[in-house]
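I opened my notebook for this one and jotted down what I looked up as I went.

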Amino acid sequence: MSDRKVAVVTAAAGMGIGAAVAHQLAADGMDVVITDAHERRAGEFAGKLSEEFKRDFLSLGLDVTDFDRVEEVMKTVVEQRGRLDVLVNNAGWSKIEPVAEMARETWLRCIDVDLNGTFNCMRHALPRMIDAGAGGVVINISSIAAWETNTDHGAAYSAAKSGIHALTRVAAAENGRHGIRVNAVAPGLIYNEFLRKIYPDEFFEGYIENKSLVGRVGQPQDIADIVSFLVSDKAGYVTGEVYGVSGGVCPNG
């Protein structure tokens, strides 16, 4: 068993925020467990990290909507790595449909992945952090969709992300006495090619010129950097907070 802190990151094997966060925490010296619904891709990414950092990284297939599987994964992490110090809830799903036309399946799927999945992981990680008695950190990846009044993100996604904010704050209140901090990060547009499958072309047109205050769209590393800070001892007085990272697009953050 290593003395390194152990971090579990969900949906960590793609090209976006999860992979950037996992890589950054590995660079920070943590033992990162790569979990993803795409088990093969998770294994491949863990292999790349192992090659880069010259140490072994564990990968586990995980559908965050599967309550029992989440419990199994958290149990496996503690059994194989000896501890669980950090949880980063990054898994998300979205399909934009107007409320008056939304399929029931769209609503349920979005709530199940984004909100229920976040709860499932917290539900099974927190008791292990509490039992260990060494504190811990939970970071929930939300979205500025929780604050904005527009149709850009869809009601299901916006509702789920708003729920994450409330879940974050109450969990912080409940677990501070155990030395566990719980915060959320609400990104604005963090670009990767997958977003082209969700948003129409007009969503991206003029974004830099008309919305971003810093003259660019966000990159996954922008989120990885703030997560790196929030899980560190430098953020020891920070809990129950939601940090907007949007290039000034959404000042509510």
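**Entry 1: the model.** I am working with a predicted model, and I kept that in mind throughout.

**Entry 2: helix H4.** I began with the length of H4, which covers residues 104–132. At 1.5 Å a residue, its 29 residues should span 42 Å, and I found the end C-alpha atoms 41 Å apart, so the two agree. Next I looked for a bend and found a kink of about 40° in H4, centred on asparagine 116.

Entry 3: What volume does the second largest pocket have? I read off about 150 Å³. Which helix gives the most to its lining? That is H5, with six residues. H5 runs over 155–175, and both H4 and H5 supply at least two residues each. By class, I get eight nonpolar residues, one polar and two charged. A reminder to myself: an α-helix has 3.6 residues a turn, so residues three or four places apart point the same way.

**Entry 4: two buried residues.** I then went to serine 143, in the loop between strand E5 (136–141) and H5. Is serine 143 buried or exposed? Its relative accessibility is 4%, and the cut-off for buried is under 20%, so serine 143 counts as buried. A polar atom of the serine 143 side chain lies 2.9 Å from the backbone nitrogen of alanine 145. My other stop was asparagine 89, in strand E4 (residues 86–89). With 2% relative accessibility, asparagine 89 is buried too. I also checked asparagine 89 against glycine 218: they are 129 residues apart in sequence, and their C-alpha atoms are 19 Å apart in space.

**Entry 5: positive phi without glycine.** Alanine 11 is not a glycine, yet I see a positive phi of about 50° there. Alanine 11 sits in the loop between strand E1 (6–9) and helix H1 (17–27). Its relative accessible area is 27%, so I logged alanine 11 as partly exposed. Lysine 54 also has a positive phi, of about 60°, although it is not a glycine. I placed lysine 54 in the loop between helix H2 (39–53) and strand E3 (59–61). At 71% relative accessibility, lysine 54 counts as exposed, since the cut-off is over 50%.

Terms used. Residues are numbered from 1 along each chain as its sequence is written. This is a predicted model: local features need pLDDT of at least 70, side-chain atom pairs count only at pLDDT 80 or more; totals for chains, interfaces and linings use all residues. Side-chain values use heavy atoms; hydrogens and water are left out. Helices (H or I, at least four residues) and strands (E, at least two) are DSSP runs, numbered from the N terminus. The expected span of a helix is 1.5 Å times one less than its number of residues. The bend at a residue is the angle between axes fitted to the seven residues ending there and the seven starting there. On a 1 Å grid over the protein atoms alone, a cavity is a set of points where a 1.4 Å probe fits but cannot get out, and a pocket is an open set with protein on both sides within 12 Å along at least five of seven lines; lining residues have an atom within 4 Å of a point. Grid points are joined across faces, edges and corners, and a volume is the space filled by probe spheres set on the points. Ala, Val, Leu, Ile, Met, Phe, Trp, Tyr, Cys and Pro count as nonpolar, Asp, Glu, Lys and Arg as charged, and the others, Gly among them, as polar. Buried means under 20% relative accessible area, exposed over 50%, partly exposed in between (1.4 Å probe, protein chains only). A polar contact is a pair of N or O atoms within 3.5 Å; within protein, one must be able to donate a hydrogen and the other to accept it, and residues adjacent in sequence count only if both atoms are side-chain atoms.
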